[in-house]
Protein chains: 4
Amino acid sequence: MIIVIQCKDQVGLVAAISGVLAKQQLNIISMREHVDKQENRFYMRLQVEKTDANEAALEKELQSVLNTDAVITINPLPQKKVVVLVTKEYHCLADILIRNYFGTFGASVLCVIGNHDTLQDICKRFDIPFFLISHEQKSKEIFEHDVIEIIAQHQPDYVVLAKFMRILSPNFVARFPMKLINIHHSFLPAFVGANPYKQAFERGVKLIGATAHFVTNELDEGPIIAQQIITVNHSLTALDMMKAGKEIETSVLAKALRLVFEDRVFVYKNKTVVFE
Amino acid sequence: MIIVIQCKDQVGLVAAISGVLAKQQLNIISMREHVDKQENRFYMRLQVEKTDANEAALEKELQSVLNTDAVITINPLPQKKVVVLVTKEYHCLADILIRNYFGTFGASVLCVIGNHDTLQDICKRFDIPFFLISHEQKSKEIFEHDVIEIIAQHQPDYVVLAKFMRILSPNFVARFPMKLINIHHSFLPAFVGANPYKQAFERGVKLIGATAHFVTNELDEGPIIAQQIITVNHSLTALDMMKAGKEIETSVLAKALRLVFEDRVFVYKNKTVVFE
Amino acid sequence: MIIVIQCKDQVGLVAAISGVLAKQQLNIISMREHVDKQENRFYMRLQVEKTDANEAALEKELQSVLNTDAVITINPLPQKKVVVLVTKEYHCLADILIRNYFGTFGASVLCVIGNHDTLQDICKRFDIPFFLISHEQKSKEIFEHDVIEIIAQHQPDYVVLAKFMRILSPNFVARFPMKLINIHHSFLPAFVGANPYKQAFERGVKLIGATAHFVTNELDEGPIIAQQIITVNHSLTALDMMKAGKEIETSVLAKALRLVFEDRVFVYKNKTVVFE
Amino acid sequence: MIIVIQCKDQVGLVAAISGVLAKQQLNIISMREHVDKQENRFYMRLQVEKTDANEAALEKELQSVLNTDAVITINPLPQKKVVVLVTKEYHCLADILIRNYFGTFGASVLCVIGNHDTLQDICKRFDIPFFLISHEQKSKEIFEHDVIEIIAQHQPDYVVLAKFMRILSPNFVARFPMKLINIHHSFLPAFVGANPYKQAFERGVKLIGATAHFVTNELDEGPIIAQQIITVNHSLTALDMMKAGKEIETSVLAKALRLVFEDRVFVYKNKTVVFE
């Protein structure tokens, strides 16, 4: 059983929480705690040995010893549900489909929405519904309306932007607060915006990176979940960098999603607390 | 204030410990906990906001809520004391002397003992006593006796083997249980023993490593504290690998010592729990 | 056009080779050269701008300026052909199938042979022939004979052991010299043999690795192509390490295969020269 | 003997160069070559076996087979000479002083110039002249004039900015084209300017970096020589990040200087070609 708690910090929180658990004879296997002194926030993730404990009762009891601002989640859905948005690049989607098929994704893929049909066939091969919603010859408003409709039908916990190359409007983003997870093909905040590999090539950097983050209204500015880099050198063209970058894009997105699905990621303002 | 606790695991430990702290209005800034299910051991490191709490009273109260097997250390010496053993290679010692001189070592260097005089001058430049104890023309027993005598005079918390190239006898090791910290120039357990870089070169590996570990009687077999690797390729000779390896030897030993000095390392049987 | 040359070293090789190319007005875009002084071997990989040069004539001319021991390969097959051997674990195979399907594998997968049927369905989904050859209730000799027969029918350039968990006999290995590429789930030469993650867990290492290598008759002893590691700590069980290890196994095998397919890997005795 | 050549690209350069060497019976041990197709530039670094070859004659002969734009350097000074500029932070300077003292720096330190006296004592301990030139109560022009005067007296090959915290004027920079090497405490181009660790903390990044680069007139915009990163997380304050960053600053600067001193770094426009 996983218990995650976020609230305002104060003396005695750990004692209050662990006291409730001890009274119910629940054994804590692992506990991660962080206090953000600057923001005065308290974050905790507990793993306790599985029992037939009544979760609703436990949550009520925890709530009774904490302030009313505390957000407590007990035994979160063992299996999150996701919708994936794509354009043409296959690498992140394929990785997700493979993990989903073999039951190691930590979530289930409800459907894939693409603004091109390039990735329709791979979805079909895995029996995952693919919805083609072209952005051409229609306003962004209508395009997004169509996408939102499909998402709404599926009720996902998260929407994964797996190399989805359209910038989403504030209206769209507002519909899914902290539920949109994007992979950006640079080491943010370097190379915000389009063509980061071209920017990296022109700057002559010796490392390139990828960043998985929650999407907010500021372009490429949401809370960062995970980042990785690989080394590059003068022998790589911008195209070579793009190819090399795909490997870490895949790997960083996979890691970020695993962390989110395992309830290891807390968000507050524009930052994350991640208990790896 | 840092509090570290190691004991047999049981239900209610966190509640008992944090209850004591809460009663004294001590605020927990960061808490790391680990339960080794296989060994049924409980490990905890707490950082609480500095107060004028009576440490002896606090320790007594903690002891009263825990089993008698619990090892509790409160507010460990802010400044550990170390003796450093060296042979001829300078890189690890120099790094230690620099940090010691600028007050960022997290410990103080009491003296250096060398079985060659190569590093005498660098110690002198930093006003650190250097004791030359040659191993030549004497038995290992007498050599070690002389070294032990110097160490005993200085009463260090730890003895750091900073590229000390003599194998120590079981008798020597038994004198300093879990107080001897060594840097081994390979990614253990690969390339145990002498000339690991030559072994690595001949095997044609693509990575070489370094390992900092506590010394036990089994050669290169003690509990591992930290390890790092760097990539190598066909263009490096065994000598090049040795040179490249020095950089990570320095870095791994520095990291391991920092972790030990900050009371982040627990030892049980032949393994460590490290709260980085 | 790629040109790779391996021969005994002597003065003037670069001049002789580049002289031939210059005479034909071939522009060298990138050139990698290595001399192994210990073995007195010369290795070179050249990329020249594509032209309608007559390859056979060029090879003849190069041969005429080099000793008879020189192995010259010009414009190697743009698309190598491979047969993949698997058991039950999917991660390496799935990665290969995905790259193969999207045309970024650098080789084409002719068929997959498994000693269990676990991975039959995923192959079917990608229209790749899967041959089930159980090792049960038959001698190793007969099992290997059956596998060899399937391989022989397909005439691959390489046979990839993508988590194939049977130890191959010297007889089998001798049939495919330097054509068998294996992924071993440890940082060789640490943890040779079975259950490396269990061994790593018990030793309490802080890094675990994976190694891609050519297979020779000595178990886990062939020439190493690529290695990578990830950091681990006390909180991982042997099973967690195995899970975490799958990610680098996939990544290391993919990298090694790319290097081999791009003719960047030379083998001599038990080592490789890799021009990354 | 090391030979480095940079010139406009054309067919036959390798043949022309290696032909000259072969005629003189010079054996090439290692050769690195790169052609920048976009800029049409040719870069080569050759290591040939030591002989009593006449360097001046060899250079003349090489020049005769290349265009007049070719920059050829043969057997560059085995020991470069450097002046180091510092402010208050010790880590980079101390690393340089240690390597210099033990003869492994690949260059010799002529003197250190500081705008504070913090690092005077450490220089004295290593018998390295330290010049205190305060920037206080004088114009930038006069301050820089004083610094330039000291540098001019010492005639260094390179000036190393080892955490020198004053922004240099275009006039100063113009005096030392591609001779000023700086360590910037971020993963450029992220976090240009002051307080990069504070910027990184506020953005909530999961990696922080350091960049060694040649100094040009654009702040933090010169050609990058080397970059590295380390992982960070929510538990680090901006101050912790600064501390952690010092380790890679030291390491990246050391690496960049080694590459430059070994003539492995070519500069063209705002980029480097680095033959590691």
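Which residue in β2(D) is the bridge partner of Met31(C)? The views below show a predicted model, in which local features need pLDDT of at least 70, side-chain atom pairs count only at pLDDT 80 or more, and totals for chains, interfaces and linings use all residues. Residues are numbered from 1 along each chain as its sequence is written, while chains are lettered from A and ligands numbered from 1 in the order in which they are written.

**View 1. Strand β2 of chain C beside β2(D).** Strands here are DSSP runs of E with at least two residues, helices are runs of H or I with at least four, and both are numbered from the N terminus. Two strands pair if DSSP finds at least two bridges between them. β2 (residues 28-36) of chain C pairs with β2(D) in the antiparallel sense over five bridges. Glu33(D) is the partner of Met31(C).

**View 2. The contact between chains D and C.** Contact means that the C-beta atoms of two residues, placed from the backbone, lie within 7 Å. Here 17 residues of chain D meet 17 residues of chain C. On the chain D side, α1 (13-23) and β2 (28-36) each supply at least two residues. β2(D) gives the most, with seven residues.

**View 3. The contact between chains D and A.** This contact takes 22 residues from each of chain D and chain A. β11 (224-231) and β13 (271-274) of chain D each supply at least two residues of the chain D side.

**View 4. Strand β1 of chain D and its partners.** β1 (residues 2-8) pairs with β3 (residues 41-48) of chain D in the antiparallel sense over seven bridges, and Val4(D) has Arg45(D) as its bridge partner. β1(D) also pairs with β4 (residues 71-74) of chain D, in the antiparallel sense over four bridges. There, Gln6(D) stands opposite Val71(D).
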